[in-house]
Amino acid sequence: MKIIKKMEKTHTLIYGSSDDLVKIEGQIEGEYENYTLAKRGVTFECSDETKGTITYDGDWEITVEKKGILFQEVRPNVGDDGKHKDLAFKCTSYSDVLILKDGILWVKINGRKV
């Protein structure tokens, strides 16, 4: 029997979807859509001081410049035909997924709170 952990609302996930959408799910919920910036890189900053960039170039890549105290991990994309597991099971397969622990109070995308 395989046990799959479902994402709890205590985690916050940041990942890309389609070719122009950055999604935030979990403790904080929101979306940011901008095709032009997705190609150049969309900056993010979290209340725990985690910050970085998410960029689309066929796949979504997350680069973390600073890990805050609630940073858990960045899961690499699993390709078009793959499936993320555990906490990231609902996220798009062609995107890296940033996972943050419980306690995130806000997320800023390109300097604006979501």
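These are my notebook entries on what I looked up in the structure above.

**Entry 1: the model and its confidence**

I am working from a predicted model, in which local features need pLDDT of at least 70 and side-chain atom pairs count only at pLDDT 80 or more, whereas totals for chains, interfaces and linings use all residues. I number residues from 1 along each chain as its sequence is written, and side-chain values use heavy atoms, with hydrogens and water left out.

I looked first at pLDDT, which is the predictor's confidence in each residue, from 0 to 100. The chain has a mean pLDDT of 90, with 92% of its residues at 70 or more. For the elements I took DSSP runs numbered from the N terminus, helices being H or I of at least four residues and strands E of at least two.

Where pLDDT is low, the predicted coordinates should not be read in detail.

I next looked up Asp 20, which has its place in the loop between β1 (12-17) and β2 (21-26). Throughout these entries I use buried for under 20% relative accessible area, exposed for over 50% and partly exposed for what lies in between (1.4 Å probe, protein chains only). A salt bridge here is a side-chain nitrogen of Lys or Arg within 4 Å of a carboxyl oxygen of Asp or Glu; for charge, Lys and Arg count as positive and Asp and Glu as negative, while His and the chain ends are not counted.

Asp 20 is buried yet has no salt bridge, and the nearest side chain of opposite charge, that of Lys 23, is 10 Å away. Leaving out residues up to four places away in sequence, I find Asp 20 touching Tyr 32, Glu 33, Asn 34, Tyr 35, Ala 38 and Trp 60.

Tyr 32 lies in strand β3 (residues 30-33) and is buried, because its relative accessible area is 18%. With residues up to four places away again not counted, Tyr 32 touches Asp 20, Leu 21, Val 22, Leu 37, Val 42, Ile 109 and Asn 110.

**Entry 2: salt bridges**

How many salt bridges does the rule give? The count comes to four. Lys 23, Glu 25 and Glu 31 are linked in a network: Glu 25 pairs with Lys 23, with the closest N and O atoms 3.8 Å apart, and Lys 23 meets Glu 31 at 3.8 Å, N to O. Both Glu 25 and Lys 23 are buried, the latter at 19% relative accessibility.

Glu 73 forms a salt bridge with Arg 75, where the closest N and O atoms are 3.1 Å apart. Glu 73 is partly exposed, with a relative accessible area of 24%, whereas Arg 75 counts as buried at 16%.

**Entry 3: aromatic rings**

I then checked the rings of Phe, Tyr and Trp (its six-membered ring), which pair if their centres lie within 6.5 Å, planes under 30 degrees apart counting as stacked, over 60 as edge-to-face and the rest as tilted. By this rule there is one aromatic pair. Tyr 56 and Trp 60 form this tilted pair, at 5.2 Å centre to centre and with 50 degrees between the planes. Tyr 56 is buried at 14% relative accessible area, and Trp 60 is buried at 0%.

I also noted that Lys 108 lies over the face of Trp 106, at 5.1 Å from the ring centre; this requires NZ of Lys or CZ of Arg within 6 Å of the ring centre and within 35 degrees of the ring normal.

Most residues other than glycine have a negative phi. Ser 18, in the loop between β1 and β2, has a positive phi near 55 degrees and is partly exposed at 39% relative accessibility. Glu 49, in the loop between β4 (42-46) and β5 (51-56), has a positive phi of about 85 degrees and is partly exposed at 47%.

Last, I looked up Leu 98, which is found in strand β8 (residues 97-100) and is buried, because its relative accessible area is 0%. Setting aside neighbours within four places in sequence, its contacts include Phe 44, Ile 62, Val 64, Phe 71 and Glu 73.

Conventions. Contact = heavy atoms within 4.5 Å.
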